[in-house]
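Hi,

Here is the structure I said I would pass on. Have a look at it first, and then read my notes below.

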Number of protein chains: 2
Amino acid sequence: MANITKKVSWSSRADESGATGERTPLLNGSEPQSSSSRQPSEGGSVFQIGRLSTVDLEEEITSDEESLRGRPKEIPHTEKLLSLKYESLDYDNIENQLFLEEERRMSYMNFRCLEISRWVVCGLIGFLTGLIACFIDIAVEQLAGIKYQVVKTNIEKFTEAGGLSISLLLWAFLNSAIVMLGAIMVAFFEPIAAGSGIPQIKCYLNGIKIPRVVRLKTLVVKVCGVICSVVGGLAVGKEGPMIHSGAVVAAGVSQGRSTSLKRDFKIFEYFRRDTEKRDFVSAGAAAGVSAAFGAPVGGVLFSLEEGASFWNQMLTWRIFFASMISTFTLNFFLSIYHNKTGDLSSPGLINFGRFQGDSVAYYLYEIPLFIVMGAIGGLLGALFNILNYWLTIFRIRYVHRPCLQVMEAMLVAAVTAAVSFTMIYFSNDCQPLGPEHNEEYPLQLFCADGEYNSMATAFFNTPERSVRSLFHNQPGSYNPLTLGLFTLTYFFLACWTYGLAVSAGVFIPSLLIGAAWGRLFGILLASIPSNGSIWADPGKYALIGAAAQLGGIVRMTLSLTVIMVEATGNVTYGLPIMLVLMTAKIVGDYFVEGLYDIHIKLQSVPFLHWDAPATSHWLTAREVMSAPVTCLNRIEKVGTIVDTLSNTSTNHNGFPVVVQVSGTDEPAKLCGLILRSQLIVLLKHKVFVELARSRLTHRKLQLKDFRDAYPRFPPIQSIHVSQDERECMMDLTEFMNATPYTVPQETSLPRVFKLFRALGLRHLVVADDENRVVGLVTRKDLARYHLGKHGLEELQLAQT
Amino acid sequence: MANITKKVSWSSRADESGATGERTPLLNGSEPQSSSSRQPSEGGSVFQIGRLSTVDLEEEITSDEESLRGRPKEIPHTEKLLSLKYESLDYDNIENQLFLEEERRMSYMNFRCLEISRWVVCGLIGFLTGLIACFIDIAVEQLAGIKYQVVKTNIEKFTEAGGLSISLLLWAFLNSAIVMLGAIMVAFFEPIAAGSGIPQIKCYLNGIKIPRVVRLKTLVVKVCGVICSVVGGLAVGKEGPMIHSGAVVAAGVSQGRSTSLKRDFKIFEYFRRDTEKRDFVSAGAAAGVSAAFGAPVGGVLFSLEEGASFWNQMLTWRIFFASMISTFTLNFFLSIYHNKTGDLSSPGLINFGRFQGDSVAYYLYEIPLFIVMGAIGGLLGALFNILNYWLTIFRIRYVHRPCLQVMEAMLVAAVTAAVSFTMIYFSNDCQPLGPEHNEEYPLQLFCADGEYNSMATAFFNTPERSVRSLFHNQPGSYNPLTLGLFTLTYFFLACWTYGLAVSAGVFIPSLLIGAAWGRLFGILLASIPSNGSIWADPGKYALIGAAAQLGGIVRMTLSLTVIMVEATGNVTYGLPIMLVLMTAKIVGDYFVEGLYDIHIKLQSVPFLHWDAPATSHWLTAREVMSAPVTCLNRIEKVGTIVDTLSNTSTNHNGFPVVVQVSGTDEPAKLCGLILRSQLIVLLKHKVFVELARSRLTHRKLQLKDFRDAYPRFPPIQSIHVSQDERECMMDLTEFMNATPYTVPQETSLPRVFKLFRALGLRHLVVADDENRVVGLVTRKDLARYHLGKHGLEELQLAQT
């Protein structure tokens with residue numbers, strides 16, 4: 001059995017490719033970390049550290065902790081771990097002298113131009129995201145059309161003749177083959193492209209560097225993968241991946257270059273830092289939501305709910321612009337595709353259809369019913385999440401090899417086809433085929449002429465169409481048994497599917513499950529003998545059910561309400577949807593967290609929530625900080641710096657810079673903060689004091705040099721420093737952030753947390769009242785405290 | 001001529017009542033300030049201070065600045081001043097020992113209960129705000145109905161007989177009388193209730209203490225005043241004041257007591273501090289928007305756009321809850337009033353009516369037209385704002401006595417009636433009275449039988465109904481001349497009306513002006529000879545015009561888009577409305593700021609925008625901070641404290657606490673920060689070290705004592721300290737915030753600004769590298785830098 005903590009990874013490539021030796025070092029300092037971590041993780045380096053720090057513990061654990069640990073591979077609660085693998089992003093500008101000089105050189109007009117280019121970039125992000133959504137939509141529609149036509153013809157051929165098992169095999173084979181394509185791409189080429197990508201984007205916006213999450217390659221795999229998954233008939237949607245796609249587009253466009261394609265367009269260089277890039281990624285995610293659901297406002301709120309720490313009016317307005325452009329682009333190109341050029345009425349990938357006229361009204365006495373539906377949604381959602389949690393744990397333990405993952409995906413595809421076929425086969429729910437029927441592929445099967453199999457509208461269709469049918473088909477289009485069976489089977493299929501190594505979203509399956517039981521609920525209500533006309537429209541209950549189920553699974557709040565409202569194109573349902581989502585969230589949260597949060601926890605990501613845990617006023621900065629801290633002198637020997645950076649056991653990313661008043665024995669005082677990435681660039685360009693003196697013409701290091709290296713700074717191992725150079729000195733004055741934020745040691749955890757979270761910090765220096773460095777607070781120091789069942793708990797730190 | 005800087009005040013009561021001697025001291029430190037400021041302001045104490053500070057300048061200016069100043073009453077640009085009158089709110093928790101002890105005593109269940117009570121409070125806020133909106137709506141409808149019926153009967157009587165001038169007099173008299181009522185209440189009882197209240201709420205949420213803005217009395221005057229204004233036929237709306245009303249409700253409910261009514265319900269005591277109160281006021285403002293426009297999401301976004309600095313998911317969700325409850329309550333009670341109990345289809349005070357069916361479609365080639373309309377809206381909005389700006393300056397100079405204000409309001413009311421009557425009288429735009437006509441009070445006048453005067457539908461009606469008619473009446477209901485004349489007259493009337501001493505909003509008049517010229521635009525388009533059917537619906541252009549005009553005047557962005565979308569009940573127009581608003585904002589911003597910002601600037605309020613001015617990297621904390629700072633020792637003599645607090649020339653509100661290592665001559669080091677309000681409470685309870693020793697049973701001062709005093713802390717003058725007591729010592733250790741945020745002197749202004757704004761600070765200590773206090777950054781130090789035409793400018797500080 002594999003060590004589970006090792007395999008809990010969205011991107012297990014690091015381990016895979018590390019074995020084949022083809023990996024190039026990736027990110028700021030991640031290389032030494034993972035290489036250092038691999039040795040101890042053979043033995044399962046899961047250790048608990050106490051109050052203090054994660055620093056210099058490597059030596060200690062190897063001997064005595066080993067026995068204490070017992071058998072780490074048996075640890076069942078991987079979500080009680082906090083991985084040290086993840087780097088943090090830096091949303092605080094590094095205000096060093098170079099930066100300030102540049103800012104001071106800039107005139108007001110320069111700032112205006114920058115602002116305009118931000119708008120241009122957002123427009124581009126929206127446009128490209130819309131195009132991608134359009135491409136996915138058309139590709140899925142065309143390919144799924146071909147598939148369903150082939151199967152339909154086949155079924156019709158064999159319905160009379162007998163031998164429908166051949167149709168079943170054909171269907172299962174087609175599904176498996178298509179899904180295999182997608183799964184191979186994901187499992188072998190880019191594992192990070194698996195799933196919906198929403199947890200990853202949440203983490204990115206939260207400030208965690210997830211390797212390769214915004215690469216071009218990820219986007220390509222994601223787009224192809226999602227087409228295969230949907231066409232392959234899995235219980236998945238193409239909406240979630242749009243959010244990830246939008247984010248990748250944003251990260252790419254805003255940097256004005258592509259490292260993968262080795263093209264640098266020399267534009268938008270100002271945006272090459274975490275602060276700016278994050279803003280654009282927010283816009284990209286919003287544009288993705290907007291394209292997926294035709295919900296520009298919902299997109300903005302999604303970005304803010306998941307990512308924002310500091311609300312900025314102009315930023316929000318730009319995000320909104322990107323969202324609008326995205327939905328508009330999709331709309332426009334789809335209108336051309338549908339030969340209705342200029343008709344801008346299908347704004348999103350999923351179109352719930354219009355709820356108009358009398359069917360939209362609801363009455364006061366229906367509100368308790370909605371609340372009950374919300375509770376059901378919360379319960380079912382919690383069940384879904386718990387099942388998926390167990391399944392994910394199982395997958396982490398046993399299904400971690402790419403070929404196994406592909407096989408599992410193929411199995412699911414085949415089973416989905418088989419189950420669907422069985423359900424359709426044994427269903428005897430025949431409905432008349434009306435003159436204006438909306439069914440794309442009506443299956444007659446054993447029904448009389450002019451009728452179609454009602455179960456097939458739910459199963460033999462893309463999930464988007466099924467949802468729309470459930471919302472809008474005439475009362476009586478489905479009989480209760482059909483809906484009940486459909487709910488049951490689809491629930492388990494969707495649960496099994498989420499977490500497979502394919503690109504796929506969970507929104508649409510959730511909506512579909514909810515719509516099915518919601519409609520069932522509506523039909524049952526209508527059968528209560530009363531003046532029955534008031535419950536007449538089951539479509540309304542389908543919508544409420546869909547909201548309840550989705551809310552119960554993902555637990556999003558405001559943004560989901562707005563997305564649902566925008567997708568239905570009608571604000572009347574705002575209040576019921578809000579009530580339902582709130583109930584679902586409260587009920588669901590009682591049992592288990594939301595699906596995305598579960599998956600984030602399973603990755604042991606140091607995710608910072610909105611507030612510090614409620615009961616954490618007991619803790620102060622002194623207790624949470626990492627200490628002792630490796631400090632550098634303002635004028636430091638190159639050898640010392642190289643040694644510090646090369647020290648694989650500590651692997652710090654930020655170093656307080658101190659200054660010693662010469663001649664005195666007073667303690668050194670804090671005078672700045674410098675990052676590993678900056679030191680690497682300095683070493684690479686050999687910015688040594690002696691060299692600067694000898695070569696007077698030597699070009700002064702500029703901000704551009706740092707930007708060119710961003711974000712894939714080389715590892716320290718790749719930088720060669722000769723023995724002579726080791727004796728040189730480096731002057732950090734110009735490059736360090738001279739005004740880092742500091743807090744006193746007595747600061748309470750919530751206060752530290754607020755400062756850290758609101759400003760998006762990466763390092764927060766803890767200083768004593770003499771302004772000496774006593775510790776450093778980083779993301780993991782804050783993220784490891786959480787409220788458990790028995791009050792405040794501390795997560796273990798793991799090297800994986 | 002009065003000194004204009006003295007009179008620029010939302011609440012000129014301070015000056016008025018100060019003269020009559022009836023005023024009680026109001027707020028934390030505002031009393032000594034205004035009393036100290038009155039003496040110099042007799043001579044017009046407008047002075048510019050330099051780079052450094054506003055501290056201890058009183059002595060300097062009296063002599064030599066006098067000559068330098070020239071004649072301050074001639075200063076035309078009052079918006080270049082920054083008033084020192086306004087206090088700041090403190091959105092950073094004061095983490096002293098008492099606070100930490102309380103937090104540590106609280107269990108997880110306590111925190112849960114707190115959270116639940118926050119929800120309850122938000123629900124209550126929504127409910128009460130909805131009720132108030134309902135009351136206003138019904139009162140206006142009833143009273144306006146009576147008025148219009150009386151006038152209509154009178155007009156009909158005299159149309160045949162001749163002598164319509166009597167009708168005119170009757171109409172003008174009725175209007176003036178009703179408006180007089182409202183104006184008297186506002187001008188004599190509560191000047192802060194004038195206008196829409198939106199600028200004041202913006203300031204409150206920004207962190208500025210506006211005296212009396214959230215009092216019960218303000219609410220009562222506001223509600224009665226707005227009813228009078230609307231019934232009095234002024235060109236105003238009742239929507240803006242709802243936002244203020246919601247905020248007052250929130251501030252009242254959340255504190256669990258009413259100081260005005262002298263009732264303390266002993267509940268929600270935990271919420272008695274700025275941090276919590278602000279959150280609830282956000283919710284109240286959102287509930288107000290929600291009730292006004294039936295736009296719960298728009299309400300949330302309004303609150304966030306105007307107020308938020310730190311986005312918090314749970315808070316947003318609660319605000320949304322309050323908004324939803326508010327719109328639901330209004331809806332429910334109005335449905336009872338309209339005898340359609342349980343029909344929840346009229347969510348807001350203003351109902352734009354449903355845009356449904358074919359009329360909602362728009363085509364790609366219409367987008368340039370929309371953008372043109374946006375530009376027109378921006379231009380007209382800028383014109384409106386400039387005119388209103390001049391008018392406001394005029395009013396500040398000449399119309400500052402309450403009786404003059406009442407007379408002006410009456411004059412406007414009479415002129416409005418006269419102009420309306422004249423327009424109707426000379427209009428010959430007769431329209432057939434269809435079977436399902438929507439006109440509430442159709443005036444036949446000189447039209448043939450079965451016809452009505454079209455101009456009268458626009459003028460002889462509440463503005464809300466006029467807007468709806470313009471949106472939805474059949475094509476051909478208005479002729480272009482009617483619309484043109486209406487736009488012209490209403491534009492000037494509305495511009496004259498805004499800023500009167502009556503409670504009134506500018507939303508509806510703006511919408512009405514825009515709808516009129518928008519419809520005109522649509523009609524003119526339709527007259528272009530082409531396949532004319534495509535431009536058939538002028539209602540669509542009326543909507544776009546309304547958005548453009550409103551956007552041009554108030555310059556709100558995201559929230560306004562959402563409000564418009566929610567009010568129309570249709571998301572299809574999202575993109576055009578966004579484009580129009582964006583164009584209007586860009587065009588308008590080129591000329592002048594938004595109306596609310598103009599009025600905020602005219603009040604010289606130290607308003608903090610989202611970011612520091614773009615080109616302010618030149619400045620550092622050393623340059624912007626106030627210095628020298630009055631520091632207190634940790635154990636300080638009572639006499640010193642009393643003297644410091646009584647010093648009217650400095651009037652600081654926050655004092656860094658320092659500690660001197662005894663026996664050494666080292667400089668004193670920063671160890672905390674204490675507020676004036678805290679010191680006042682300590683003095684009031686005589687928390688002196690000697691007393692504590694002598695009376696061992698003395699009750700220890702608790703957080704409750706501070707909460708009971710919040711927010712109206714007594715002034716220092718009201719606290720009697722005997723000569724013996726002056727010799728006692730006070731130990732501040734327990735009460736000071738031991739971990740204030742600090743920045744080094746070299747920190748750049750944008751960095752200081754970001755920290756200050758993101759955390760909602762009131763005082764930020766500037767410390768040197770020995771941790772000694774060198775300065776204090778407060779709101780006014782940051783707010784006085786702004787980008788003018790010639791780069792970065794510094795506002796003058798004025799004592800008004």
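Predicted model: local features only at pLDDT ≥ 70, side-chain atom pairs only at ≥ 80, totals over all residues.

Some overall numbers for chain A. Its secondary structure comes to 31 helices and 19 strands. Of its 800 residues, 66% count as buried. The chain exposes about 28300 Å², and carbon and sulfur atoms supply 60% of that.

Now the two chains together. In general, two copies of a chain are related by a rotation about an axis and a shift along it. How do the copies meet? They meet through the same surface, because 100% of the interface residues of chain B are also interface residues in chain A.

Helix α14 (residues 367-398) and helix α19 (residues 507-526) of chain A pack at an angle of about 145°, their axes 11 Å apart. The crossing of α14(A) and α19(A) is right-handed. On the α14(A) side the residues involved include L369(A), V372(A), M373(A) and I376(A), and they meet a set in α19(A) that includes I513(A), W517(A) and F521(A).

α19(A) also packs against helix α20 (residues 538-554) of chain A: the axes come within 6 Å and cross at roughly 135°. These two, α19(A) and α20(A), are therefore oblique to each other. Here too the handedness is right: α19(A) passes α20(A) in a right-handed crossing.

The axes of helix α14 (residues 367-398) and helix α23 (residues 595-602) of chain B come within 10 Å and cross at roughly 25°. So α14(B) and α23(B) are roughly parallel to each other. α14(B) contributes F384(B), N385(B), N388(B), Y389(B), T392(B) and I393(B) to the contact, while α23(B) contributes L595(B), I598(B), H599(B) and L602(B). The crossing of α14(B) past α23(B) is right-handed.

Among the buried ones are R676(A), Q678(A), L679(A) and I680(A). After α26(A) comes K686(A), which has a positive phi, near 50°.

- V467(A) sits in helix α17 (residues 463-472) of chain A. V467(A) counts as buried at 0% relative accessibility. Not counting residues up to four places away in sequence, V467(A) touches I508(A), L511(A) and L512(A).
- D429(A) is in the loop between α15 (402-426) and β7 (430-432) of chain A, and with 4% relative accessibility D429(A) counts as buried. Beyond four places in sequence, its contacts include Y452(A), N453(A), S477(A) and T482(A).
- S559(B) belongs to helix α21 (residues 558-568) of chain B, and S559(B) is buried, with a relative accessible area of 0%. Leaving out residues up to four places away, S559(B) touches G298(B), L301(B), F302(B) and E305(B).

Where are the cis peptide bonds? One runs from A627(A) to P628(A), with omega near -5°, and another joins A627(B) and P628(B), with omega about -5°. P628(A) lies in the loop between α24 (621-624) and β9 (632-633) of chain A.

Two arginines have positive phi. R212(A), in the loop between β4 (208-209) and α9 (216-231) of chain A, has a phi of about 65°. R212(A) counts as buried at 11% relative accessibility. For R555(B), phi is near 60°, and R555(B) counts as buried at 5% relative accessibility.

Cheers

Methods. Residues numbered from 1 in each chain as written. Chains lettered and ligands numbered in written order. Heavy atoms only, no water. Contact = heavy atoms within 4.5 Å. Helix = DSSP H or I, 4+ residues; strand = E, 2+ residues; numbered from the N terminus. Buried < 20%, exposed > 50% of the residue type's maximum accessible area, 1.4 Å probe, protein only. Areas by Shrake-Rupley, 256 points an atom, 1.4 Å probe, with all protein chains shown as cover. Axes fitted to C-alpha atoms, helices over the stretch in contact; angles between N-to-C directions. Parallel < 35°, antiparallel > 145°, perpendicular 65-115°, else oblique. Left-handed = near helix turned anticlockwise from the far one by under 90°.
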